[in-house]
Amino acid sequence: MKNIVSLTCLALIVISCKQNTQQLANNSEKEHLINWNDEIIYHVMPRSFYDSNGDRHGDLNGFVEKLDYLKELGVTTILFTPLYESGFYHNYFPTDYEKIDPEYGTMEEYIRFIKAVHSKGLKFLMDMETQYAQGEHRWFADSYKNPDSEYSDFIYYTDSLNKYPEQIFMPAKSELFDFKTWPNTESHHIVILDLQNQRVKDWMINFYKFWVDPNQDGSFEDGVDGFRIDHIMDDLDHKGILTNLYKDLWKPIFEACKEVNPDIFILGEQSDWGDYGDVMVKESGADAAFNFSLKFALTSEAKANDMYKSTETLGVHMDPQAIHRAVNENLKRFKDHTYAITFLENHDVARFATLSGNEDQMRLGGVLNLLLPGVPSIYYGQELGVTGKIHEWGSDVNHLPLREAFPWTPDYNDEGTAVFYKDSGEWWDISFWNTDTPKKLALSVQQKDETSLWNHYRKVIALRKDNAAFRRGTYEPILNDHLDVLAFKRAYEDETFAVVANVSNAEITVADFNLKQWQTDPVYGELHVNAEGELTLPPYGYAILKK
C-alpha cells in the first residue's frame, strides 16, 4: 500500500452552548464538523443484500443499484461486514487484506461503489478485524515452519522454529486447529498477527490510511467515512501476550487516519459485551462503542460477554427502569464527541422479530431504537420484521440464520435475491424463505401497505431527522412510578417532546400524565383519552407529544 500524504487538520468550530449534565455530546463547548448524533446507520452483510450478476451472492454493483432504497428509507450511513478476501462467508478472517472478495467485485467496482454512496449524500463505514489472518494468507503460508521467511515477523509464533503460531480461541502451542465454515465442507486455520512488532504496526497504519483516501488527492470521495473495528481488545483474547493494544496499536492507527481526514469516525466493538466500552474509546482514541447494555434492556435478555454465549429467550418483557438506567449510564460515559450506538439486533444476535413475535411490540422497539439517545443502527431487514436466531451446527454457519437474504420480493427465485446458501444444508431447510412469511415480509408487499412495519420505520426515521430534540436533546425519565410505562422527555433549544409507551401486553391508564401540557394532536402514535380525561394506551401502544 502506498503511504498517503497527511493533510493539515481542519480547525474545530468553537461555539457556545448550554451546559447540562445529561446534555448529549453535541452540546459541549466545541462542535466537530460532523455530529454523529445526526446519523442513522444501516448495518448490512452485503453478501445477503442484492445480487447483480446471478450468482446468488450480494455484491457491490448490486448495492449501488439499491442505494435509492436506503434514501427512501431515510438512513444516512452504511456499515458493511468486511469486504476483504476470505475463505469464510462472513469475511472476518482474511486471506488477503488488500483485495476485495471477488464475489463482491473488484477494486475498481469498490471505488465506483464508494463514489456512488457519496454522490447520494450517504456515508460508508468499513468493517475491519485485522488482528487475525486466515491460514492461507501469504504471511502465514510462507512463514509456517520457515523461520527465514520474510514474513516471520508478521505472525506471532511461540517458538523459534515457527511451528506454533498463536491461534484464536486456542491455548499456546496448540496444533493447528481447523475452523469449519459454511457450508461445513471447508475449514481454515486462524492465526494471530504479532501486533507488537513494528513492521506489523507500520503496515497497519499504511493499510488503514489507504482506505481513507485511496487516490491520495485529498477529496475523500473515494475514501471511507470511518471504520468499525471488530473485537477490539487491550489484551487480545486475554492471552497476556499482546497487551496495551489500545494505546500502542490502535491509537496510532486512528490518529494517522484522522491526520489524513479529521472527520474519520472510529466505531469500536468492545469484545466484552458486558462492558460499556467507554474505557476503550478513551484509551484508543475511538469515537464510539456499541450500547450493549441498552440492547439487552430493550430485548430483556441477560447480559452476554460475546456472540458465543447465547442469551436469546423468546418473549420480550421490557423493564422501564432498566432502560432508563442503561440510557443514563451511557450519557454519563459518552460525551465530548464520543457516542454510544443504539441497536436492537446485528449479525451476531437473534433478530428482534424472533425474540418478540408481536408486531405491535416490534413497532415499539423501532420507536425506542430511533428516539432514545444515541446513534441508532438498523440491521438490514429489521425494518421489515425479518426473523432469525442462532442454531448449533458446529461452525460459523450457526449464525447464518441471522444473515439471510434481504426479501425484496416474496419469491427467492426473483432476480437479485441473494440466497447464496440455497440448498446447502439444514439452515436452508429451516429458512424463513421456506415458509409463507415472505408473502408478508417482502419489501414489495410492505411498500404498498401504508400501515406496514416498513412504513412505520420510515415515519419514525423522518421524525428523528426532522426534530433535533430526538438527535441532540436532553433526556429526562418521567412517570417512574408506573411499572409498565416507559416515558421520557427529549428537549433541545425551544422544543420539548414526550414519548409515553406501554411496554405491557394489556391496556393501561396513565392517570397522572398531564395532557394539558401537551398539544392535542400527537406527533406520532395514537392519543386515547378515557371519559375521565386520562391517557390510555393499548398493548405496546405509544404516544409522541409535543409541548
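Student: Is the crossing of helix 5 and helix 6 left-handed or right-handed?

Tutor: Helices here are DSSP runs of H or I with at least four residues, strands are E runs of at least two, and both are numbered from the N terminus. A crossing is left-handed if the near helix is turned anticlockwise from the far one by less than a right angle, and right-handed if clockwise. For helix 5 and helix 6, the crossing is right-handed.

Student: What kind of model is this, and what is left out of the side-chain values?

Tutor: This is a predicted model, with residues numbered from 1 along each chain as its sequence is written. Local features need pLDDT of at least 70, side-chain atom pairs count only at pLDDT 80 or more, totals for chains, interfaces and linings use all residues, and side-chain values use heavy atoms, leaving out hydrogens and water.

Student: At what angle do helix 5 and helix 6 pack?

Tutor: Axes are lines fitted to C-alpha atoms, for helices over the stretch in contact, and angles run from 0 to 180 degrees between N-to-C directions. Helix 5 covers residues 198–212 and helix 6 covers residues 245–260. Their axes are 9 Å apart, and the angle is about 35 degrees.

Student: Which residues of helix 6 meet helix 5?

Tutor: Contact means heavy atoms within 4.5 Å. From helix 5 come Lys201, Met204, Ile205, Tyr208, Lys209 and Val212. From helix 6 come Asp248, Leu249, Trp250, Pro252, Ile253, Ala256, Cys257 and Val260.

Student: In what order do the eight strands of the barrel close?

Tutor: Two strands pair if DSSP finds at least two bridges between them. The barrel's pairing is parallel, and the order is 3-4-7-12-13-14-15-16. From one strand to the next, the twist averages 25 degrees.

Student: Which residue in strand 16 is the bridge partner of Ile41?

Tutor: Strand 3 (residues 41–44) and strand 16 (residues 375–379) pair in the parallel sense over three bridges. Ile41 also stands opposite Thr77 in strand 4, and four bridges join strand 3 to strand 4. In strand 16, the partner of Ile41 is Ser377.

Student: Which residue in strand 7 stands opposite Leu79?

Tutor: In strand 4, Thr77 and Leu79 point one way, Ile78 and Phe80 the other, and all are buried. Buried means under 20% relative accessible area, exposed over 50%, partly exposed in between (1.4 Å probe, protein chains only). Strand 4 pairs with strand 7 in the parallel sense over three bridges. Opposite Leu79 is Leu125.

Student: Why is helix 11 largely enclosed, and how many of its residues are buried?

Tutor: Its buried residues include Gln361, Arg363 and Asn369, and also Met362 and Leu371. Helix 11 is largely enclosed by the rest of the structure because the buried residues number eleven of the 13.

Student: How far apart are the end C-alpha atoms of helix 11?

Tutor: The expected span of a helix is 1.5 Å times one less than its number of residues. Helix 11 (residues 359–371) has 13 residues, so it should span 18 Å. The model agrees, with its end C-alpha atoms apart by 18 Å.

Student: Is Gly381 buried or exposed?

Tutor: Gly381 is found in the loop between strand 16 and helix 12 (426–429). Leaving aside neighbours within four places in sequence, Gly381 is in contact with Tyr42, Arg351, Val386 and Phe406. Its relative accessibility is 1%, so Gly381 counts as buried.

Student: Which residues does Asp278 contact, leaving aside its neighbours within four places in sequence?

Tutor: Asp278 is in helix 7 (residues 278–284). At 17% relative accessibility, it counts as buried. Its contacts are Arg333 and Phe334.

Student: What is the omega of the peptide bond that joins Trp182 and Pro183?

Tutor: Most peptide bonds are trans. The bond between Trp182 and Pro183 is cis. Pro183 is found in the loop between strand 9 (179–181) and strand 10 (186–188). Omega is about 5 degrees.

Student: What is the phi of Asp336?

Tutor: Most residues other than glycine have a negative phi. Asp336 lies in the loop between helix 9 (320–333) and strand 15 (339–343). Asp336 is exposed, with a relative accessible area of 53%. Its phi is positive, near 55 degrees.
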